[in-house]
Structures are given as C-alpha cells and as structure tokens.
Amino acid sequence: MADRSPEKSSPVYVIGGGPGGLAAAAALSHRGIRAVVLEKSDAVATSWRNHYDRLHLHTTRRLSALPGLPIPRSYGRWVGRDDVVRYLERYVEHHRLEIVTGVEVSRIDRSPDDTEWVLRATGGRAPSSPVVVVATGFNHTPRLPDWPGRADYTGELLHAAHYRNARPFEGRDVLVVGVGNTGAEIAVDLVEGGAARVRLAVRTVPHILRRSTAGWPAQATGIMVRRLPRRAVDRAARVMCRLSMPDLTEHGLPRPDTGLYTRVREGAIPVQDVGLVDAVRTGRVEVVPAVDSFDLDKVVLADGSRISPEVVIAATGYRRGLEELVGHLGVLDDRGRPLPHGRRTLKSAPGLHFTGYTNPISGMLRELAIDARKIAKTVARTTA
Ligand SMILES: Cc1cc2nc3c(=O)[nH]c(=O)nc-3n(C[C@H](O)[C@H](O)[C@H](O)COP(=O)(O)OP(=O)(O)OC[C@H]3O[C@@H](n4cnc5c(N)ncnc54)[C@H](O)[C@@H]3O)c2cc1C
C-alpha cells in the first residue's frame, strides 16, 4: 500500500465531483491514498441534478454502480435521475470522501522543478501534487452549432442542457434538433407533455435499439461484443435491428447504411428506444431534415424547406472543454480528446490521469468504475 499520509505527501487532486471523480477518489482512498476532490459547483453530482426530470439510466442498476457501493435495489432496474443523485451523495458519505466545493480549476501547469502539477484554482489558490485525476466530464460544455442566421433568430432557441420538462412547451410547436438519446427522449417527453406539434430534425439517421429484449439489457450485449471485430458486430446488429425494430423509412427514419459498431467507434452511441419508435410510427413526432440555417423567424432545413416552430431545442451535444485546462500540455488530440486515458499517462505528462472522456457501448458509469480501480492501482504502484 502506498504511504501518502497527509504529513508525508500532498494528496492526489481529483478535478470534478461527478461519478468519475468520486469513483477515482474512493478507489484511491481504498488503497490508503489521500484524495481531495475539487468541484466547481456547490455540490457533487451537479450534472445529474441538472438533467431533465424524466431521465432514467439506460444502463442497469447493477452495471452502473461505482466501486465499493452497490446502488440500492429499491431504486429499481432503471435508476431515475433523483436516485442517481441520492446514490452519489451516499457514495461520498460511505467512503468519507474529501470534497471541496466552489473550487474551479482553470489551468494545470508543470511545476518549475518538473516534479508536480500545479493547479490554478478559484481564489488564487494553487494546490500542487505529483498526481492529478482530471474528471471534468464528457458533457462539459453545451455545443450549439454556429448556424448561419442564428444570432438574429426571433424564435426561442435553447440547448437541451437547459430542458427540464415539457411544462413550458405545452400547446406549442417545437422543433428538436438532433436524434441522440437526449433528443429522442425530449421529443417523446414533449409529445407526452402536451406540446401541440413536435418535429425532430435528423442529420444522420441513428441506430435504434430496445433498452432490453425479453429482460436482456442492450448494455449487456454491448459489454459482450465490445472486443469482437467491428464487421462481425455490425452484421449481427443489422440482423437484430431488423428483427426487433419496425421499418420507419416512410416516416423519415430509414435504417442507417453504416454499421452500428462502426458508428460507435466514430463516437455515436445507438439510441435506446424509450418511446421514439412508437411516436414516429404514429406521427406524433415528425421527422424532418437537418437544420441548415435560420432566417429571422424561420428555420431553414437541409432540403430548402422553411418552417416556423415557436421553439427550437438543440440536442446537439457537448464539448469536453479541456483546451483551457490542459490544451497547452500536448495531451489532447486534434478533436480535443485526451491522448492518455484511465491508468495510462503520457511520458511527457507523468501522473496526469483522465477519466470519463470516451463514450463506450458498455456504459460510461461501468467504465468510470473500471478506470477508477485501475488508476488507483497504478498510482499506488508508482508512488509506493
Ligand atoms: C443525459 C445523459 C444520460 C446519461 N445516461 C447514462 C446511463 O444511463 N448510463 C451510463 O453509464 N452513463 C450515462 N451517461 C454518461 C455518464 O455516465 C454521465 O455523463 C456521468 O455523469 C459522467 O460522469 P463524469 O464524472 O465523467 O462527469 P460529470 O458527471 O459531468 O461530472 C463532472 C464534474 O466536474 C465538475 N467540473 C467541471 N469542470 C471543472 C473544473 N474545471 N474544476 C472543478 N470542477 C469541474 C462539474 O461541475 C461536474 O460536477 C449519461 C449522460 C447524459 C448527459
């Protein structure tokens, strides 16, 4: 076990108090390594507190638990947003994690003697440590495409990150842009919550899967196949989708040409059906082409048509937002993704770990848990 008692060494700093950061801190403390979580907001689990009301995990309770504490059975198989927050709060208490809230780390630099990482943090603080875990989240900064005419659009435009429930949109004509899991679920929520008209703008048709089939969760299949050759998985998925999903071509959602696993490798996770298929089939969600631009009160679509929804909700994803924090250290690729991940670090940046910046088919929470254990093991070995 590594001896990193407070008197002998600085703690490992973990940046971010979401599931990734909490899991890493717990795994480190389990190995006797003091970890301090720095969280910019006033509480842990901020991203989950801010998600929309109807959100439930798409991954199962059992396969979403973090190291050292199962998610209570009473939360059900598909855990709701509030219960995820409750679980994470409990997690902090259970592992007696050291959390410092209200501290944002804006930049990480190497110390002049090349032995430590120096964090530039809120209030002029500059804590330092040879080991830092960056866990600021895959969904860090809402991404709103720079559509021509966007600034002069006279309708209401919001990012899905600010959507909570359908109440403000009752009786209104809404366009949801983007058909990832979030866009798909918000469209269904709007239909069920009484929006007058719901259109869904689709640029790339998604793969759509059942969350579970005869009790078998899609996540479990994802875990089983993730190391198999891409082509074999693509082929099997094509057959499975044809058998389990109706053909929605005449409703504007043909089956994708590119294989499911090929898409996953490119960063696009399949959509898990929580009502979209039925809503599209019955015409309650109308699929329209992608948004091309805005023209005052009109939205111009890729086929040239112009529509006038009252509200546009952009479910257009997030940026990792790591450039300011570590962009100057040569640890990011040209798409802003960390080159090292989990237990692995770069030779040029020893002790600088990243967790939570991939979007795996096997479930992110599960991968965060695995990463946390591996990071802790590596830190224990290298600092012993
Ligand atoms: C809508 C939605 C549904 C999802 N559903 C599932 C699911 O069903 N199953 C699954 O496995 N995964 C799911 N995920 C993916 C993933 O599990 C979650 O996004 C999870 O919260 C990721 O944890 P994280 O700790 O990496 O990031 P986050 O939860 O985003 O936490 C990052 C934390 O870091 C803090 N922070 C950011 N920058 C700084 C800084 N500079 N200084 C200090 N603190 C900072 C933030 O305030 C935040 O608290 C979902 C994601 C979304 C968006």
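A word on the model: it is predicted, local features need pLDDT of at least 70, side-chain atom pairs count only at pLDDT 80 or more, and totals for chains, interfaces and linings use all residues. Residues are numbered from 1 along each chain as its sequence is written, and side-chain values use heavy atoms, with hydrogens and water left out.

Now colour the domains. Select 12-140 + 320-383 for domain 1 and 143-317 for domain 2; these bounds come from an automatic or database domain assignment. Their C-alpha centres lie 29 Å apart. To the contact (heavy atoms within 4.5 Å), domain 1 brings 22 residues and domain 2 brings 28 residues.

Next, select the ligand. Which residues are closest to the ligand? They are Glu-39, Ser-47, His-58, Thr-59 and Leu-365, among 30 residues that surround it, each with a heavy atom within 4 Å.

Zoom in on the polar contacts (pairs of N or O atoms within 3.5 Å). Glu-39 places a polar side-chain atom 2.6 Å from a ligand oxygen atom. At Thr-59, a side-chain N or O atom is 2.7 Å from a nitrogen atom of the ligand. For Leu-365, show the backbone: a polar atom there lies 2.7 Å from a ligand oxygen atom.

Technical notes: Polar contact = N/O pair within 3.5 Å; in protein donor to acceptor, adjacent residues only side chain to side chain.
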